[in-house]
Amino acid sequence: MNRRNFFAGAAAGMAATGVSRVALAALPEPAMQAGNATAPPLVPPNGRPYQPVVTLNGWTAPWRMNGGVKEFHLVAEPVVREMAPGFKVNMWGYNGQSPGPTIEVVEGDRVRIFVTNRLPEHTTVHWHGQRLPNGMDGVGGITQPQIPAGKTFVYEFTARRPGTFMYHPHADEMVQMAMGMMGFWVTHPKARHPLIDEVQRDFCFLLNAYDVDPGSMTPRVNTMLDHNIWSWNSRVFPGIDTLNVRHRDKVRIRVGNLTMTNHPIHLHGHEFTVTGTDGGPVPPMARWPEVTTDVAVGQMRQIEFLADEEGDWAIHCHKSHHTMGAMGHDVPTMIGVDHSGLVKKIQKLVPDYMVMGERGMADMGEMPMPLPDNTHPMMAGQGPYGPAEMGGMFTLLKVRREQPPGSYADPGWFRQPAGTQAYEFGGSPPPAASVAAPAQPQAALPSVRKPSGHSGH
Ligand SMILES: [Cu+2]
């Protein structure tokens, strides 16, 4: 699906930021990724075999083997991410994208990661959830000096336990994460693991949020909670790829939260169990069925289920504002306000004026409003039956009998079999229920004796 650009000009590009050619000669070439499509799973070319994950609208970093050590090269740098078709945002990321590439290794692997800093300020990388020597933990000022702009640092440790992890800076965190610096990390079990099931599909994505003023391209990094762009892997609906699976596949979805609020992730049509956290696999006796799991700030959750119902099933954050695109929060609620006769008068003064919200906001899904140049609609996406009225943390799980094993291709829209879809009632309306008037209306009122005067004293 995606081309992977192996950066021919890496040496020249980095020499400009101060990394010497001598130093570069020892570095693995950084693999770069400029597109935003979901890359197919990276089948491991060497090392211990494993079932690879699929990163939604992302990719997995290739490595080189060096004396039995898996060597990766992350380049922290400014990138441009297209968050939805036509909506581009200036971010900081790794190897051409935000989020950076997923790092996939196997339990017991010795891992060496070169981190080259091409940002305008210092950075570090913290390996969230890993057991590692303290000096490899990436907390700037505490466990290491920060990586200055233009320099390359090396992290090296053994991936000691299998599970779902992530990486992000621990230097000027507020700014660097608000700008999109983060990535996923999966450590696969080295052999059959009693608490880790084999699955046919294994998806991962990070929850992230930005505050981008409509018409601008750079996130406001000082925003704490009132973000307007709620995204998965720095993409928003309808820019988030669908999760395409074969009927009766066992599916795992791994989710990490690097926003500043919790996200209840809700899947339609199936029930799942939470099989793992960043702390490790959940023992079967501690699992319970859910259709929504809350992913709190800084947490990872992995959910698993049998995809045994065909169809196009919504999967989304259940905070309704998080499935909306860029919106103003200071809009008055106009539901029930009678505008009749007002619009024409107002339009004499403000020709572009239109009424919004007096019957709810569903009109926004169909009515194209003029938007500033670089933003995305509040409610967007077309389904086979009309507007989806969504934006943000929303996509679909597509379960199909005819989906070939291992194929992640989008099968298109589900055609509901005849007789299995909600339909308009065609009969005559049922007779209005009549309620008999009470014989003595007064008797129905509670009898309350009000104090009056001083007679009761
Ligand atoms: Cu949310």
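Where is the place of Thr259? Thr259 sits in the loop between β16 (250-257) and β17, and the views below start from the overall fold and then return to that loop. Please keep in mind that this is a predicted model, in which local features need pLDDT of at least 70, side-chain atom pairs count only at pLDDT 80 or more, and totals for chains, interfaces and linings use all residues. Residues are numbered from 1 along each chain as its sequence is written, and side-chain values use heavy atoms, with hydrogens and water left out.

**View 1. The protein as a whole.** The secondary structure comes to 5 helices and 26 strands; helices (H or I, at least four residues) and strands (E, at least two) are DSSP runs, numbered from the N terminus. Of the 457 residues in the protein, 48% are buried. Here buried means under 20% relative accessible area, exposed means over 50%, and partly exposed lies in between (1.4 Å probe, protein chains only). Contact means heavy atoms within 4.5 Å. Among contacts with a separation of 6 or more, 74% come from residues 24 or more positions apart.

View 2. His263 counts as buried because its relative accessibility is 0%. Cys317 is buried too, with a relative accessible area of 1%.

View 3. Back in the loop between β16 and β17, the side chain of Thr259 makes a polar contact of 2.8 Å with the side chain of His263. A polar contact is a pair of N or O atoms within 3.5 Å; within protein, one must be able to donate a hydrogen and the other to accept it, and residues adjacent in sequence count only if both atoms are side-chain atoms. The Thr259 side chain also reaches the backbone oxygen of Thr261 at 2.8 Å. Leaving aside neighbours within four places in sequence, Thr259 is in contact with Leu207, Asn208, Ala209, Val297 and Met393. Thr259 is buried, with a relative accessible area of 5%.

**View 4. Strand β22 and its partners.** In strand β22 (residues 300-306), 6 of the 7 residues are buried. β16 and β22 run antiparallel and are joined by 7 bridges, while strand β18 (residues 272-277) pairs with β22 in the antiparallel sense over 4 bridges. Two strands pair if DSSP finds at least two bridges between them. Look for Ile303 in β22: Ile253 stands opposite Ile303, and Ile303 is also the bridge partner of Val274.

**View 5. The largest nonpolar core.** This core has 31 residues, and those with the most contacts inside it are Phe72, Leu74, Ile103, Ile113, Val115, Trp127 and Trp185. The elements giving two or more residues to this core include β5 (69-84), β8 (110-117) and α3 (173-178). Apart from it lies another core, of 28 residues, among them Leu56, Ile240, Ile265 and Tyr408. A nonpolar core is a set of buried Ala, Val, Leu, Ile, Met, Phe, Trp, Tyr and Cys residues joined through side-chain atoms within 4.5 Å. Not counting residues up to four places away in sequence, Ile103 touches Phe72, Leu74, Trp127, Tyr167, Phe184, Trp185 and Val186.

**View 6. Backbone spots to check.** Most residues other than glycine have a negative phi, and most peptide bonds are trans. A cis peptide bond joins Ser98 and Pro99, with omega about -5°; Pro99 is found in the loop between β6 and β7. Another cis peptide bond joins Phe237 and Pro238, with omega about 5°. Asp172, in the loop between β11 and α3, has a positive phi near 40°. Glu389 in strand β25 has a positive phi near 55°.
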